[in-house]
Amino acid sequence: MDTDWLLLYEAPHPHRIRVSFPPEDADPVHHRLLAAVRHMGCEVLSGTAADGIPLPSQERAMHEQEEPAAPAR
């Protein structure tokens, strides 16, 4: 897959993964990055945008998308 993504992995404790990407690629980046993190046996503790604003829990959002909603009663 040819992308304009830039990925930087920093190994000091705690590990950090920095990703730069065009805004229109946000969804594929989140899905692929979370899949890679899970494959590494790690979990996402937090996320921030380049301007330092905290991002919502992508891990929680990902699980909500995967789990079917319970039927309404």
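The expected span of a helix is 1.5 Å times one less than its number of residues. Keep that in mind for the tour of this predicted model, where local features need pLDDT of at least 70, side-chain atom pairs count only at pLDDT 80 or more, and totals for chains, interfaces and linings use all residues. Residues are numbered from 1 along each chain as its sequence is written, and side-chain values use heavy atoms, leaving out hydrogens and water.

**Whole chain.** Show the protein chain as a cartoon and follow the pattern β-β-α-α along the sequence. Helices (H or I, at least four residues) and strands (E, at least two) are DSSP runs, numbered from the N terminus. Of the 73 residues, 10% count as buried (under 20% relative accessible area with a 1.4 Å probe, protein chains only; exposed is over 50%, partly exposed in between).

**Helix α1.** Select residues 26-39 next. This helix has 14 residues and reaches 20 Å from its first C-alpha to its last, close to the 20 Å expected at 1.5 Å a residue. Which residues of α1 are buried? They are V29, L34 and V37. Seen down the axis of α1, these buried residues fall within an arc of 120°, so they line one face of the helix; the arc is that of the directions from the helix axis to the C-beta atoms.

**Just after α1.** Click on G41, which takes a positive phi of about 80°.

**Strand β2.** Finish at residues 16-20, the strand that holds I17. With a relative accessible area of 31%, I17 is partly exposed.
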